[in-house]
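Please keep the sequence and the structure in view while reading.

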Amino acid sequence: MKVLITGGAGFIGSHLTEYLLDRGDAVTVLDDLSTGQLDNLSRAFDNPALSFHQGSILDADLVRRLAADADVVFHLAAALGVYTILEDPLGSLKTNLVGTEVVLDAARESQCRILVASTSEIYGKNTTIGLHEDADRVMGSPLKTRWSYAEAKALDETLTHIFREWHGLRAVLVRLFNTVGPRQTGRYGMVVPRFVGQALAGEPLTVHGSGEQTRCFAHVAEVVPALVRLVEHPAAQHGIFNLGNSRQISIEQLARTVIEVLGSTSDIVHVPYEEAYGPGYEDMQRRVPDCSRARELIGFSPTLDVEYIIQSVATAARTERSDVAVLAG
Ligand SMILES: NC(=O)c1ccc[n+]([C@@H]2O[C@H](COP(=O)([O-])OP(=O)(O)OC[C@H]3O[C@@H](n4cnc5c(N)ncnc54)[C@H](O)[C@@H]3O)[C@@H](O)[C@H]2O)c1
């Protein structure tokens, strides 16, 4: 396949790039390196089948030119991470709304297939255990900036739906739940790399809020092949799929597990949400996916547990010591 990956120098995008190059596909990466970095592609750069373009998905001419040659587009580029959204709400909205429209339009014009990465954030404060793709959204006020990422991603889904229904675009939508692994940075608010970086540096692990809120973490190595299987599966076209691990862990327990697995002497400190993210910040208590749709179609059934995930993030950070600072954020 000839593949275009927007956001291919990011955390998930760089793993996807390597996966596709390893099986013989030709990969073009478009990334503005805002949260991604060239280092993420250091292993891939030796491969002549990789072509890298530094630029923005807001550059319609560039995106159209790159998509014209592609059989498949993986649209992963986005402004994400709580700190990114809170620090530049307008720029983030523009990337996540206008940028996605640009990419969808380019895919329509080139008549290639596309996978659009959405997020479990669109479920908002719905705490159902086993969120199905048809579950309702329970959103906070649109005046709370924190929800603007979820609102933009939800509109991306609507845009994708419109392009599918009215323009015949062959598009798969994927709602990713927390995905973790080497190269994810804690700088923008992601909790696992932040805790691992803090534990390796011997600093206190900062748990936001009570720590009773739970999350589910999937390893990127199990998510990336599922993205590829979905984009290639004829029955997945026009579908929407949750991808994530359904085992819950509280953030307090996650902090304790990081300390235990890494044999760290760090303490745990609690930081109120207001202090971490400003007044009026809202979080969700729980987010557990129901991935039966992806399991039935492509056999998606992640098995890597949180202890393995922590080890894998820490091992990558230890081999590249400078990552510890990056991880901690
Ligand atoms: N990691 C997760 O847990 C998670 C969960 C839900 C959804 N997602 C989605 O998966 C996708 C990839 O996320 P990630 O975790 O790899 O994050 P990431 O920040 O590492 O990757 C995003 C990439 O997009 C690039 N980018 C941002 N704005 C751009 C622009 N205007 N033009 C070109 N490139 C731009 C960044 O430089 C970065 O390389 C995103 O769409 C995200 O919303 C991720």
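## Helices on the sheet

In this predicted model, helix H5, formed by residues 148-167, lies across strand E5 and strand E7 (171-176). The direction of H5 makes an angle of about 155° with that of E5. Helix H7 also packs on the sheet, where it touches E4, E5, E7 and E12. The angle between the directions of H7 and E7 is about 155°.

## The sheet

The sheet is open and consists of seven strands, arranged in the order E3-E2-E1-E4-E5-E7-E12 with parallel pairing. Its edge strands are E3 and E12 (240-243), each of which pairs on one side only. On average, neighbouring strands of this sheet are turned by 20° against each other, direction ignored. In general, the strands of a sheet pair through backbone hydrogen bonds, and the pairing may be parallel or antiparallel.

E4 and E5 (residues 113-119) run parallel and are joined by four bridges. Which residue of E5 is the bridge partner of His75? The partner is Val116.

## Helix H1

Helix H1 comprises 12 residues, numbered 11-22. At 1.5 Å a residue, H1 should span 16 Å, and the computed distance of 17 Å between its end C-alpha atoms agrees with this.

Is H1 largely enclosed or largely open to the outside? Nine of its 12 residues are buried, and therefore H1 is largely enclosed by the rest of the structure. The buried residues are Phe11, Ile12, Gly13, Ser14, His15, Leu16, Thr17, Leu20 and Leu21. These residues pack against several strands, namely E1 (2-6), E2 (26-31), E3 (50-54), E4 (72-75) and E8 (179-180), and against helix H7 (220-232). Just after H1, Gly24 adopts a positive phi of about 100°.

## Two domains

According to the domain assignment, the chain has a domain 1, made of 2-179 and 218-243, and a domain 2, made of 180-216, 247-287 and 303-328. The centres of the two domains, taken over C-alpha atoms, are separated by 24 Å.

Contact between the domains involves 27 residues of domain 1 and 22 residues of domain 2. On the side of domain 1 that touches domain 2, the elements giving two or more residues are H1, helix H3 (82-87) and H7. H3 gives the largest share of that side, with four residues. Sorted by class, this side of domain 1 has 10 nonpolar, 13 polar and four charged residues.

Most residues other than glycine have a negative phi. Leu33 and Arg183 may be considered against this background. Leu33 has a positive phi, near 60°, and is found in the loop between E2 and E3. Arg183 also has a positive phi, near 85°, and is found in the loop between E8 and helix H6 (191-200).

How are these two residues classed by burial? A residue is buried if 20 or more other C-beta atoms lie within 10 Å of its own, exposed if 12 or fewer do, and partly exposed in between. Leu33 has 13 C-beta neighbours inside 10 Å and therefore counts as partly exposed. Arg183 has 25 C-beta neighbours inside 10 Å, so it counts as buried.

Definitions and conventions:
Residues are numbered from 1 along each chain as its sequence is written. This is a predicted model: local features need pLDDT of at least 70, side-chain atom pairs count only at pLDDT 80 or more; totals for chains, interfaces and linings use all residues. The expected span of a helix is 1.5 Å times one less than its number of residues. Two residues are in contact if their C-beta atoms, placed from the backbone, lie within 7 Å. Two strands pair if DSSP finds at least two bridges between them. Axes are lines fitted to C-alpha atoms, for helices over the stretch in contact, and angles run from 0 to 180 degrees between N-to-C directions. Domain bounds come from an automatic or database domain assignment. Ala, Val, Leu, Ile, Met, Phe, Trp, Tyr, Cys and Pro count as nonpolar, Asp, Glu, Lys and Arg as charged, and the others, Gly among them, as polar.
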